[in-house]
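Try each task before reading its solution.

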Amino acid sequence: MNKLAKAAAVTLGGVALIGAVQGTAQAATSSATTDAPSCVKLDAPYTMFGGVVKATVTNGCTQPVNVRIVYPNGPGQTCHTVAPQQSVVESYWSYGFGWTAKSLISC
């Protein structure tokens, strides 16, 4: 019985260590891609067919913001600096069937 208890303790310790490492990795990932402030809005029209689509980012904040548009396959390359009460437009290629800009992250 003593050997069984030791084996269980080792197994539980290993599981706890794996969980701690995963938690640290997730925390590092989430801090690297923080959501944009809620006062910044994204208007990305739905498209059924492929083609060039224009996404509009509007800053409703009182301070300038730096944001990047996130697409279904990941963040875009351009970091936009948007002044208060101003908008920027980014054109991108849509593959259709709802392939549109999804959200904004700070950059």
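**Exercise 1.** Find the residues over which pLDDT (the predictor's confidence in each residue, from 0 to 100) stays under 50, and say how many contacts beyond four places in sequence the model has for them.

*Solution.* Start with the confidence: in this predicted model, pLDDT stays under 50 over residues 7–32. Then look at the elements, which are DSSP runs (helices H or I, at least four residues; strands E, at least two) numbered from the N terminus. Confidence is lowest in helix H1 (residues 2–32), with a mean of 43, and highest in strand S5 (residues 80–82), at 97. Finally, the chain average is 78, and 69% of the residues score at least 70.

Residues are numbered from 1 along each chain as its sequence is written. Local features need pLDDT of at least 70, side-chain atom pairs count only at pLDDT 80 or more, totals for chains, interfaces and linings use all residues, and side-chain values use heavy atoms, leaving out hydrogens and water.

**Exercise 2.** Work out the strand order of the open sheet that three strands form.

*Solution.* The order is S1-S2-S6, with antiparallel pairing (strands pair if DSSP finds at least two bridges between them). At the edges are S1 (40–43) and S6 (87–94), each pairing on one side only. Now zoom in: S2 and S6 pair over eight bridges, and Lys54 stands opposite Ser91 in S6.

**Exercise 3.** List what Val57 touches, leaving aside its neighbours within four places in sequence.

*Solution.* Its contacts include Val40, Val67, Ile69 and Leu104.

Key
Contact = heavy atoms within 4.5 Å.
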